[in-house]
Amino acid sequence: MTDSSLLRRITDPASRADPYPLYEELRRTPVLHEEEGGAYAVSRYHDILALLHDPRISSDDRRLADRGDDELPGPEGTVLPPSFIRLDPPEHDRLRRIANSAFGPPHRPHRIDGMRGELAGIVGELLDGLASAAAGGGEIDLVDEFAYPFPVTVICRLLGVPREDEPRFRGWVDVIVAGLDPETRHDPAAPAQRAARQARVQLGMYLAGLVEERSREPRDDMLSDLVAGRGPDGAMSTMEVLSTAVLLLIAGHETTVNLITNGMLTLLRHPEHLERLREDAAYGVPVVEELLRYEPPVQLLPSRTCITDIEVHGVTIPEGARIWLMLAAGNRDPERFADPGRFDPDRPDNEHLGFGSGVHICFGAPLARLEAQIALTELARRLDGPRLLQDPPPYRLSPVLRGPRHLPLGVDGVR
Ligand code: HEM
């Protein structure tokens with residue numbers, strides 16, 4: 001094969017289980033542009049980092065041909081405004097600051113610190129469920145039975161979705177996430193797409209009702225704080241609150257599922273680290289950081305565009321061109337990380353690109369870290385004799401949000 005088909009080979013589902021040799025090939029051409037009108041792929045660590053901090057690179061969806069995943073019909077057939085992940089400063093900054101003051105308000109401890117016990121409780125319940133299903137040994141699917149239900153339950157608690165509504169909420173989210181599957185995404189007539197559109201309307205209407213309730217009767221939850229907007233930037237409009245809630249949901253769901261699943265897969269492939277985590281819960285902190293470098297759930301950022309011509313490594317990327325920032329390739333750049341193909345939670349100075357960088361650096365990072373640390377530590381502690389039943393496991397199709405669709409494990413029991 002020639003270089004000209006490299007990006008196609010990377011997006012080909014056949015490469016999903018191990019795209020890293022292709023990324024190595026990609027880094028040999030620091031700015032790869034294969035076809036007229038196609039994307040410019042940037043794959044070296046320092047170039048990616050510089051572009052993430054460059055104000056000439058835009059995240060604004062309206063500059064791009066295809067719209068974002070989190071677009072959602074609002075009440076009465078309206079379309080929600082773009083969420084802040086797809087806006088540039090200063091609009092981005094105002095909305096992110098308001099969201100931030102609802103996430104970690106300055107006048108009290110960070111909301112996420114207060115959720116530690118709650119997260120451990122949810123993980124404990126999911127593991128208890130596995131324990132009864134796998135009593136005396138058996139097979140579990142770590143995705144369906146653990147990693148998938150966990151983050152959506154967490155987002156419900158964060159936003160303040162009442163417990164009795166969680167199953168309905170999770171039902172809509174399942175259908176919406178299934179609709180993001182690249183296999184059917186561009187076919188509006190596909191049943192999965194029709195179902196996803198309907199679920200988006202239902203979720204939008206449900207959230208609009210909840211926003212209305214919280215503005216009348218605020219509670220101690222993030223939705224109430226978003227509606228009240230106590231900071232110097234004031235409040236968001238109802239539509240802005242709705243798009244922010246959906247953003248948290250979409251951005252925080254499959255990413256976290258994949259971090260936990262990629263995490264367990266990696267630990268089972270490197271059992272000495274699983275053993276160490278079982279003995280020492282504090283090891284969960286560097287393990288999760290190294291996972292974000294070694295197997296990042298967001299492999300590339302495909303929706304950046306240049307607002308003016310820019311030069312990278314002697315290549316002029318023209319105004320309006322689409323840029324792919326290949327985070328997972330940058331994370332294994334030998335110019336930045338020694339022995340980059342080695343899973344080594346003890347590596348010093350692990351400033352990976354797993355959460356991006358610059359103004360759009362992951363807003364939910366403190367929550368994602370805590371979720372993954374608790375989930376992996378508890379899995380290490382409570383699964384008895386876990387082993388991979390299929391290696392590599394089957395993967396989801398997306399080259400952007402990469403992770404196993406299922407992770408079948410054999411266990412002797414669940415403690
Ligand atoms: C942004 C990764 C979990 C909310 C991002 C970006 C990355 C990322 C790479 C940068 C996007 C860009 O530059 O265009 C991840 C990973 C996660 C995770 C790997 C889990 C392991 C979460 C969670 C939440 C969240 C749990 C919310 C509760 C957001 C939001 C943004 C974002 C709101 C947009 C920030 C902005 O535009 O200013 N995330 N994320 N993420 N993430 Fe996460």
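Two strands pair if DSSP finds at least two bridges between them. Helices (H or I, at least four residues) and strands (E, at least two) are DSSP runs, numbered from the N terminus. Residues are numbered from 1 along each chain as its sequence is written. The model is predicted: local features need pLDDT of at least 70, side-chain atom pairs count only at pLDDT 80 or more, and totals for chains, interfaces and linings use all residues.

**View 1. Strand S5 and its two partners.** Strand S3 (residues 57–58) and S5 run antiparallel, joined by two bridges. Here Ser58 faces Thr305 of S5. S5 also pairs with strand S8 (residues 322–325), again antiparallel, over three bridges. In that pairing Leu301 lies opposite Leu325 of S8. S5 itself (residues 301–306) is mostly covered, with five of its six residues buried. A residue counts as buried if 20 or more other C-beta atoms lie within 10 Å of its own, exposed if 12 or fewer, and partly exposed in between, with C-beta atoms placed from the backbone.

**View 2. The open sheet.** Five strands make up an open sheet with mixed pairing, in the order S1-S2-S8-S5-S3. Strand S1 (31–33) and S3 are the edges; each has a single partner strand, so one side of each lacks a neighbour in the sheet. Strand S2 (residues 40–42) pairs with S8 in the parallel sense over three bridges. Tyr40 has Ile323 of S8 as its bridge partner.

**View 3. Helix H11.** H11 has 32 residues and spans 47 Å from first C-alpha to last, close to the 46 Å expected at 1.5 Å a residue. The expected span is 1.5 Å times one less than the number of residues. Because 27 of its 32 residues are buried, H11 is largely enclosed by the rest of the structure.

**View 4. Confidence.** Mean pLDDT of the protein chain is 90, and 92% of its residues reach 70 or more. Over residues 65–76 the pLDDT is below 50. pLDDT is the predictor's confidence in each residue, from 0 to 100. For the complex, the predictor gives an ipTM of 0.99 and a pTM of 0.93.

Definitions and conventions. Two residues are in contact if their C-beta atoms, placed from the backbone, lie within 7 Å.
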